[in-house]
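Here is a short report on one protein model. Keep the sequence and the 3D view side by side as you read.

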Amino acid sequence: MPDTTRVPVTTRTTSATGPTGPTDRGVLGRRTFLAIAGAATAVVAGAGAAAAHDGRAWGPRPALHHRPGRPHGGRAGSERAAVAFVRAAADAYPTVNTGPRLAQSYTDELGLFSTAFVYDNALAVCALLADGRRSSVDTARVIGDGLVFAQDHDPDHADGRLRQGYNVGPYTFYDGSPQPDGFVRADGAANVGWQFGFLGTAVGDMAWPGIALLHLFRATRDPRYLRAAVRIGEWITTTTWSTAPLGGFSFGVDGGNQPVPNGSTEHNVDCVAFFSMLRKTTGERRWTHASEHALAFVDRMWEPASGWFWTGTNDGVEINRDPVPLDPATWSRLAIRERRYDRALDWAGQALAVTDDPSAPTSQLPDDAERISGVTFSTASLTSTAQYNGITVHPQGVWLEGTAQLATSLLDRDRREDRQRAEWLLGQVRRAQDTLGGGQHLGGAEVDGGVVAASSLIDSGFGFGYFQVQHVGATSWFLLASNAANPMRWGGLR
């Protein structure tokens, strides 16, 4: 793993070890691609073996009294506040971004300044379209136009790629150097997030914008969105089609445009959805072939005895079996919708269940807060003792984005008690929305209504953490679940 530039708020300083000592994480999830690209997170090998299911029940638990905080007026009020936060993230720098633009992913308090990750922006497009109000659709189009602009105005490449992240507003970097540009640089190019090394292109970070652009095309019939999505599909199939024994699509390229041979289950699930939607949109059989190629990889990652998906492969030959992440469990339901994979949702709801209690030594909840329950990122998150900036992670911290993902997937499955379980999970997310993240900012302006990434600092198990800061990705998944939408299915938003 190459050396990385350390950013104070995201530096991991220690790692936990399991029964067999440090283990090679190897395959990194979509969000960890920043580390491969020479980015802001320090990747440390380690953090224990996959945690065994401890028998905890999940789903509805005894009701807790609501803590007065920042209540948003019930379910409808919570959704309106969430939409307002996403729109504020897209409009955070109005003096420099007057045309196509992207939404800043996290509030300023995270320390990534005006970084806009394309994954978060793809989710924002889908969530705003699912909301359906004219103002929301208008903002979805602005963000979609930003994705098209980034593709058409890359400073170095003209092959249809998107980078992992972009800068969307002025700021002063840690070394004191001013960064005056908005999303569009002074030379007319897209403002790629070079300060933190967000220069690479990952398959998942391509497939999700492709999905969002196809939904925009369906909603608006603007051919620019379809053309951009097709270019994304062609980049993925041309650049990352793997002929290794496990097949599928490899990870992507790093900031130096060098191939990354790892293969991610999560990415290939994304590709199943994206290529299936391309086939429905264009009628071209090449996309069926691509979807089947991705699905074959996902099938090989399925562990029927345990009911989960392995994380992927380091080299295209051997399966990486530690840790076991949440995303493939939830997204396989949304993208593939095969009954044989549905047990993954039940595994995730049980094995990754957590409850953040303010009385716990490493909890960051306010002392007088109520408990918040949900799920965490991976099996490694449950046992980690990693530190970021000298703060020890909380193994029972709730990953709010993943909790909303699970609710979305349960609503899509819609079996007995699934709706009840999903509504309970959404109630927990609303509690976090009401009580956490107050006094935070976007572009220096105070904002409200967003869902924080995690109830307390958690370790993903892949070399990066999630913090108690408002997040476009977590907020967008909350909106998708609230609208019972499926962003990974053609026609699944409305």
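How many bridges join strand β12 to β13? There are 2, and the strands run antiparallel.

## About the model

This is a predicted model: local features need pLDDT of at least 70, side-chain atom pairs count only at pLDDT 80 or more, and totals for chains, interfaces and linings use all residues. Residues are numbered from 1 along each chain as its sequence is written, and side-chain values use heavy atoms, without hydrogens and water.

Strand β12 covers residues 312-313. Strands are DSSP runs of E, at least two residues, while helices are runs of H or I, at least four residues, numbered from the N terminus. Two strands pair if DSSP finds at least two bridges between them.

The open sheet has the order β9-β12-β13, with antiparallel pairing. β9 (263-264) and β13 (319-320) stand at the edges with a single partner strand each, so one side of each has no neighbour in the sheet. Threonine 313 stands opposite isoleucine 319 in β13.

## Asparagine 167

Asparagine 167 lies in strand β3 (residues 165-167). Its relative accessibility is 1%, so asparagine 167 counts as buried (under 20% relative accessible area; exposed is over 50%, partly exposed in between; 1.4 Å probe, protein chains only).

## Helix α8

Helix α8 spans residues 285-301. Its buried residues include Trp287, His293, Phe297 and Met301.

Definitions and conventions: The expected span of a helix is 1.5 Å times one less than its number of residues.
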